Amino acid sequence: MASAGIAVPGAGIGWRYGSRSVRAFGCWLTVYRRIWRSSIWSSVLGPLFFLGAMGLGLGGLVDRHGTASLGGVSYLAFVAPAILATGAMNTAMGEASYPVFGSVKWNKIYVAAQASPLRPGDIFRGHLMFMTMRIAMNAALVTVYMRALGATRSAWVVLAWPVATLTGLAFAAPIAAWAVTVKSENNFAYLFRFGMMPLMLFSGTFFPISQLPGWLRLLAYATPLWHGVDLCRMLSLGHVDLPLALINVAYLAVLAGLGVWAGARTYRRRLYA
Amino acid sequence: MIGCVSPPTAGELTILGRDPVRDGSAIRARLGVVPQEDTLDVELTVVENLLVYGRYFGLPRRVIRERTAALLEFVQLADRARDKVDPLSGGLKRRLTIARSLINEPEILILDEPTTGLDPQARHVVWDRLFRLKQRGVTLILTTHYMDEAEQLCDRLVVMDHGRFAAEGSPRDLITHYCSPEVLELRFNPELHDLAADKLKDFPAERSEVLADRILLYVTDGDAALAAVRASGLEPVTSLVRRGTLEDVFLRLTGRRLED
């Protein structure tokens, strides 16, 4: 805001019409109104296919061999909250990688915004708000599907929605902070191949991590996705181990917080140079 | 640095009386920027581009709507208001970028090579609009490689060479100071070129310059000089008498060699 009491055009109005980060967020909403149709496939049908194929298709097979190792619930009920958390991670990785890079290199949304009163940190937080909105939108949809398919065992599942959103944010913030520094988009291939894939497979998503050898299990505990999956699953099944849940939330919140902190710095380094 | 998007590396800088490092955001609120490369969002419409930008400045939608109508009228884009930006020609995009840079009614407008890549018609429209802004009291800071552009638009001009001021003044002053009122360009048959150059070495010009294909004589009266050249027995294949221009000044100050 204006310092030393000097009247600055725009500053006072900005205070009245939302902070500068919100103004940056507004840009993304305008863009989204134009392009939301292209995200329909992955947002609406993707998770439905996943729940159908994994939960019902594969689940049919699994359930025939007994579900004791799943905690006595159907495979659909076991895998659905994991699909919720994983979906949030995938949305986060998609929104925080190429779009961030492209805003510097391709459509130059950041570059244009930079000539305005917005500061690099505002540009970052505004974009992060939009990513969070997209994550929350997709997570809400999956939660509704879960309920509709009878994949939930508890009304606590409504809390799985914000938890999944937090999980997404815990990925989006640090990835965006990194993506803005990237010089070539090839780097994102590594993110998806060596980040997204193993996390998706080994974070207690499709099978309990009790199936993993001990050292790999420890590794799984250290990954953010496991914390998101664990928490969503506890809420969806209605067996909430409170101390563990608090650890899950704390882990995700710290990761998101670190990302928000780092992003303000990396954006500044990249855009104000 | 003036746009407060790069930190000053050395020395002191104040813009509108403020410190760009501390008050960058407040300063940028009063600046307009037309970057060398358009940064329009090509997926959005003309109007949406102005809306997004106006919102960056925290302007209420009503104000943005009013200004958008006036600005599109000003840059003659009103009939394309609802069109997407992508298919617009380079000249139209340029004008939209200028309109966008004016959404916050800036006191200073920074333009980086505003007409590079435009056809002559589009250039003249842009010049005409920029001149009107100048008349309204907006300060224009312009960088350009086109000397005719500088001559058209600038009151005060700085020739820069390798980051240093080579000369400073009004276009007229610079021409008076660093060039002659007229320039006589002579072209001889290639086999006579060297001979002519030799003969003209002592010609009473302010300055002469021998290029690979032409000989330039910087003189006060070009026609008189041409008559004198002919009287000395030299017959150029072609000759051209023209006014001294900023281009002459620029080339004199920064040299003719291609660099960087």
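## Confidence across the two chains

Start with chain B: of its elements, helix α2 (residues 46-56) has the highest mean pLDDT, at 96, while helix α6 (residues 147-153) has the lowest, at 88. Chain B as a whole averages a pLDDT of 91, with 99% of the residues scoring at least 70. For the complex, the predictor reports an ipTM of 0.85 and a pTM of 0.89.

Chain A has a mean pLDDT of 90, and 93% of its residues reach 70 or more. Where pLDDT is low, the predicted coordinates should not be read in detail.

## Where the chains meet

The contact between the chains draws 30 residues from chain A and 27 residues from chain B. On the chain A side, α1 (11-16), α2 (20-35) and α6 (109-114) each supply at least two residues. The top contributor there is α2(A), which gives seven residues. Sorted by class, this side of chain A has 18 nonpolar, eight polar and four charged residues.

## Helix packing in chain A

Which helix does α2(A) cross at roughly 50°? The partner is helix α7 (residues 120-148) of chain A, and the two axes come within 7 Å. That angle makes α2(A) oblique to α7(A), and the crossing is right-handed. From α2(A) come A:R20, A:S21, A:V22, A:R23, A:A24, A:F25, A:C27 and A:W28, which meet A:D122, A:I123, A:R125, A:G126, A:H127, A:M129 and A:F130 of α7(A). By class, the contact has eight nonpolar, three polar and four charged residues.

Helix α4 (residues 75-96) of chain A also packs on α7(A), with axes that come within 9 Å and cross at roughly 155°. Here the angle makes α4(A) roughly antiparallel to α7(A), again with a right-handed crossing. On the α4(A) side are A:A80, A:I83, A:L84, A:G87, A:A88, A:T91, A:A92, A:E95 and A:A96; they meet A:M131, A:R134, A:I135, A:N138, A:A139, A:V142, A:T143 and A:M146 in α7(A).

## Domains and a helix pair in chain B

Chain B is assigned two domains, domain 1 (24-154) and domain 2 (180-244). Taken over C-alpha atoms, their centres are 44 Å apart.

In chain B, helix α7 (residues 171-178) packs against helix α10 (residues 246-254) at about 55°, with the axes 9 Å apart. That makes α7(B) oblique to α10(B), and the crossing is left-handed. α7(B) puts in B:P171, B:L174, B:I175 and B:Y178, while α10(B) brings B:L246, B:V249, B:R252 and B:L253. By class, that contact has seven nonpolar, no polar and one charged residues.

Note on methods:
Residues numbered from 1 in each chain as written. Chains lettered and ligands numbered in written order. Predicted model: local features only at pLDDT ≥ 70, side-chain atom pairs only at ≥ 80, totals over all residues. Contact = placed C-beta atoms within 7 Å. Helix = DSSP H or I, 4+ residues; strand = E, 2+ residues; numbered from the N terminus. Nonpolar A, V, L, I, M, F, W, Y, C, P; charged D, E, K, R; others polar. Domains from an automatic or database assignment. Axes fitted to C-alpha atoms, helices over the stretch in contact; angles between N-to-C directions. Parallel < 35°, antiparallel > 145°, perpendicular 65-115°, else oblique. Left-handed = near helix turned anticlockwise from the far one by under 90°. pLDDT = per-residue confidence, 0-100.
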